[in-house]
Amino acid sequence: MRTRSGYIAWLGIFLFILGISMGLSLSAAMTWGEIETNLIATPTDSKSLSLSCPWMIAPGETSTIKTEIINDLEQEIEPMVIAEFGQPNTPAQKRESKIYILSPRETQPLQWRVDDSYAAFGRVIPVLIIQSRFNLNSPRTGACGILLFSIFGLSGLQTLICIIICSLICIAVGTILSRPYFSTTDEHIKKFAQIGRLLAIITVAALAIALLRWWGLTTLLLTICAITIGTAVTELLVPSNRSRS
């Protein structure tokens with residue numbers, strides 16, 4: 001019975017680590033895509049231009065980028081809108097520009113189609129939309145990074161949902177199965193349990209924040225997670241070194 005319980009506990013630990021790995025890998029990949037796009041230089045006085053972008057698309061899939069250009073003035077304006085897709089400053093980058101006429105206080109919806117032909121580094125599609133300044137109407141800029149990935153022939157959205165669900169299930173099931181092993185008075189094992197709980201919380205938070213495209217906060221959480229994993233490795237190695245001495 002003890003051997004069986006031990007196997008179940010180790011299975012739980014494996015599933016927990018697998019769930020953490022999937023969740024952190026996905027949030028890190030999404031954050032990388034956002035950083036690649038948002039590090040492009042934009043005007044310092046530029047306001048935010050809200051974009052509707054897919055988080056992920058599959059190879060061969062086509063998706064839509066949506067936004068609304070805005071006239072804040074009580075007069076007609078003719079701003080130029082620049083749309084850039086793909087790795088900046090390369091022949092593969094697609095760049096479109098067009099002048100639009102906006103009536104006083106008018107907003108106008110725009111949209112573009114993107115596919116895997118715009119992928120940079122084979123894995124991310126940088127998108128940058130700029131509404132240029134016109135008279136006193138401030139410039140606006142919106143950017144997003146779209147991951148190019150698919151499993152089992154699924155669409156990008158289906159793949160994203162599948163990875164998130166699998167990650168959360170593995171973390172939950174792993175926690176339940178390994179709980180008897182960590183229910184002990186051993187202080188060393190208790191530390192691992194605390195580290196595991198912290199990792200689970202950070203992973204779920206990082207996934208949620210990555211979906212909101214708050215790449216700065218996601219980067220901070222991933223950094224904290226790396227420090228936490230480093231602490232776990234130290235806790236694992238230090239006792240063995242002490243036992244040898």
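Strand β9 is largely enclosed by the rest of the structure, because 8 of its 9 residues are buried (buried means under 20% relative accessible area, exposed over 50%, and partly exposed in between, with a 1.4 Å probe and protein chains only). This is a predicted model, in which local features need pLDDT of at least 70, side-chain atom pairs count only at pLDDT 80 or more, and totals for chains, interfaces and linings use all residues. Residues are numbered from 1 along each chain as its sequence is written, and side-chain values use heavy atoms, with hydrogens and water left out. Helices (H or I, at least four residues) and strands (E, at least two) are DSSP runs, numbered from the N terminus.

Two strands pair if DSSP finds at least two bridges between them.

- Strand β8 (residues 124-131) runs antiparallel to β9, and 8 bridges join them.
- β3 and β9 run parallel and are joined by 2 bridges; Met56 stands opposite Leu147 in β9.
- β1 also pairs with β9 in the parallel sense, over 2 bridges, and Ser48 stands opposite Thr141.
- As a general point, side chains in a regular strand alternate between the two faces of the sheet.

**The disulfide**

- The structure holds 1 disulfide (a pair of cysteine sulfur atoms within 2.5 Å).
- Cys53 and Cys144 form this disulfide, with their sulfur atoms 2.1 Å apart.
- Cys53 lies in the loop between β2 (51-52) and β3 (56-57) and Cys144 in strand β9 (residues 140-148), so the pair ties together parts that are 91 residues apart in sequence.
- The disulfide is left-handed, because the torsion about the S-S bond of Cys53 and Cys144 is about -75°.
- Cys53 is buried at a relative accessible area of 13%, and Cys144 is buried at 1%.

- Cys144 is buried, whereas Cys166 is in no disulfide, and the nearest cysteine sulfur to Cys166, that of Cys162, is 4.1 Å away.
- Cys166 counts as partly exposed, at 32% relative accessibility.
- Cys170 is in no disulfide either; the nearest cysteine sulfur is that of Cys166, 6.3 Å away.
- Cys170 counts as buried, at 13% relative accessibility.

**The second largest pocket**

On a 1 Å grid over the protein atoms alone, a pocket is an open set of points where a 1.4 Å probe fits, with protein on both sides within 12 Å along at least five of seven lines; lining residues have an atom within 4 Å of a point.

- About 330 Å³ of space lies in the second largest pocket (grid points are joined across faces, edges and corners, and the volume is the space filled by probe spheres set on the points).
- This pocket is lined by 21 residues, and the closest to its centre are Asn38, Ser48, Thr141, Gly142 and Ala143.
- The elements that give two or more residues to the lining are α1 (2-38), β1 (47-48), β2 and β9.
- β9 gives the most to this lining, with 4 residues.
- The lining divides into 9 nonpolar, 9 polar and 3 charged residues (Ala, Val, Leu, Ile, Met, Phe, Trp, Tyr, Cys and Pro count as nonpolar, Asp, Glu, Lys and Arg as charged, and the others, Gly among them, as polar).
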